[in-house]
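Have a look at the model first, then read on.

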Amino acid sequence: MVRSGDRLLLSVAGLDRVRLPLIALAALLATAAGLLLPEALAAAVDAAIGGRFSWPLTTWLIVLGTVGIAGDVVGGVLAITVTSNATAWLRRRVASHLLALGPRSGFQEGDAISRITGDSSRAGGIAAMAVQLASAVLVSIGAVVALALLDPWLAVVFVASVPLAVLLARSHLRLTADDTLRYQRVSGELAARLLDAVAGLRTITASGIADAETERVLRPLPGLGIAGRGMWRTQARMVWRAALLLPAVELVVLVAAGYGLMGGRLSVGDVLAALGYVALGMTMVTQIPLLTTLSMARSCAVRIVEVLDTPVASPGCEPVLVGPGRLELHGVGLEGVFSDLDLTVPPGSSVAVVGRSGSGKSVLVGLLGGLLTPDRGVALLDGVPLHLLRPEQLRAAVAYAFERPALLGESIGDAVGYGALESRECVVPSGGHYAVTRVCAGVDAGPVGAEAVRAACHAARVHDVLVRLPEGYRTPLADTPLSGGEAQRVGLARALVRRPRVLILDDATSSLDTVTEAEVEHAIDDACPGATRILVTHRAATAARAERVVWLDGGRVRAFAPHEVLWREPQYRREFLAGGS
């Protein structure tokens with residue numbers, strides 16, 4: 001996995017083939033200027049001591065200083081741009097892959113956000129880090145060469161300290177690698193727990209379990225502290241050792257330079273230049289804290305690769321053809337929920353799904369509509385396996401509304417029409433002949449119009465609420481206060497605007513009163529005539545209005561029959577008492 005992370009970092013570093021060479025050029029100019037500056041300063045000092053003021057030497061000093069500063073500034077600006085672009089590229093890849101994985105990604109929400117934000121940001125800075133480290137190496141090598149040209153003995157004395165610097169760098173990388181990876185993983189777990197707590201804030205407050213929830217969220221904190229202390233202990237040890245190494249090397253070189261000065265091999269300016277080259281030669285040591293950042297970037301890359309290497313099922317490519325809306329499950333198994341499940345939902349029927357909490361109601365409707373892929377068996381829409389169908393057309397044919405809809409878009413009108421495309425009839429080839437299909441999403445269809453959005457809101461009985469907003473349907477979503485029932489009706493309108501062949505309501509009317517719920521169901525009949533409807537519910541009245549009921553119990557379909565038939569079973573009646581209605 002570490003090698004895969006390193007390969008990802010190499011790919012990130014090579015993303016910007018235009019700016020990266022410019023950053024390298026700016027760093028090279030700054031490096032050259034920095035290496036020439038001590039010698040120029042030595043010449044100017046010797047001229048001043050000898051009573052000879054030289055404008056050319058002074059001008060040369062100013063030019064070198066200007067070039068060095070300009071190289072650092074230009075390189076820094078370009079590095080920020082390259083890092084920003086690389087971070088955005090990584091975030092798009094990680095976010096797209098997580099969305100492609102769907103509900104069974106295996107990554108908790110907070111952890112996924114941590115990988116998209118913090119991990120991508122740190123890994124995205126690899127190009128700038130690489131240039132900075134390469135520049136430090138060049139400066140160190142150049143300083144050794146300059147010392148050798150000044151006086152070979154000075155270079156020998158300096159090079160004797162190099163093994164110590166290399167040993168420090170190697171031990172630092174080795175000791176921080178595991179700690180940084182552990183630190184990132186525990187940070188992701190903390191983020192996931194915190195996000196869960198924020199999402200359930202009202203429930204936590206109402207239940208009076210704030211202290212217990214705080215303890216749950218902070219439970220990984222000791223592990224984070226251990227990893228953090230290990231990482232920063234190594235960093236501190238590295239810093240003080242490097243801080244001692246630099247003046248010790250300077251002192252030894254200064255003593256050697258003093259002998260050269262007394263022997264007539266060096267001038268006063270040469271001694272000053274030697275000290276400057278020693279400081280430049282130790283650049284690699286002073287940049288050792290950057291190795292901690294590099295280690296963190298490698299750890300972040302490993303976490304990103306964990307997401308990108310998670311296999312995604314290949315999207316189907318078959319068109320969704322005209323059909324009545326028949327749904328079938330044959331031998332479907334899903335680890336920990338269902339085993340060898342068989343179910344056929346007649347086309348155009350209304351089916352309620354009931355069962356105790358944890359019986360698998362949401363999982364069942366997820367399998368029926370293609371949100372979840374079974375581990376075994378096959379789910380069919382009008383005789384065609386769901387996994388073979390084009391995703392955008394499947395989502396136009398099968399629409400969902402949820403108990404807690406996530407409303408997305410700039411305005412409340414955008415939230416209703418979000419992701420919906422105009423449905424139109426077109427002719428497509430199928431099995432050697434041509435068939436007519438009404439679902440052409442993603443081919444030549446455009447977004448639904450304002451009239452379709454309004455019609456869906458009328459059907460969901462939420463139009464009167466939205467038109468009373470300050471800007472009506474154009475009211476920004478962030479400025480739209482909605483109750484739980486109103487949000488559910490907006491989510492229902494978002495499903496209805498697609499005019500789907502199959503409509504799946506996953507407890508999507510639970511916040512509505514029974515009268516409004518009945519009105520909405522009648523409006524759905526008018527808005528989607530002939531559509532197959534599946535409703536997850538805890539209400540006996542809702543189940544009674546459905547033609548048939550799927551009764552789930554213990555990971556199996558206990559019965560599939562009309563409500564009035566099942567009502568004779570005492571245990572069936574207890575399902576609604578357990579459901580709270």
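**Helix α17 and its surroundings**

In helix α17 (residues 450-459), V453, A456, C457 and A459 are buried, meaning under 20% relative accessible area with a 1.4 Å probe and protein chains only. Seen down the axis of α17, these buried residues fall within an arc of 160 degrees, so they line one face of the helix; the arc is taken from the directions from the helix axis to the C-beta atoms. Helices here are DSSP runs of H or I with at least four residues, and strands are E runs of at least two, numbered from the N terminus.

This is a predicted model: local features need pLDDT of at least 70, side-chain atom pairs count only at pLDDT 80 or more, and totals for chains, interfaces and linings use all residues. Residues are numbered from 1 along each chain as its sequence is written, and side-chain values use heavy atoms, with hydrogens and water left out.

**Around α17**
- The face turned away from the buried side carries A450 and E451, both exposed (over 50% relative accessible area).
- Cover for the buried residues includes α16 (412-417), α18 (463-467), α19 (484-496) and α20 (514-527).
- After α17 comes R461, with a positive phi near 60 degrees.

- Setting aside neighbours within four places in sequence, L496 is in contact (heavy atoms within 4.5 Å) with A456, A459, A460, L503, I524 and C528.
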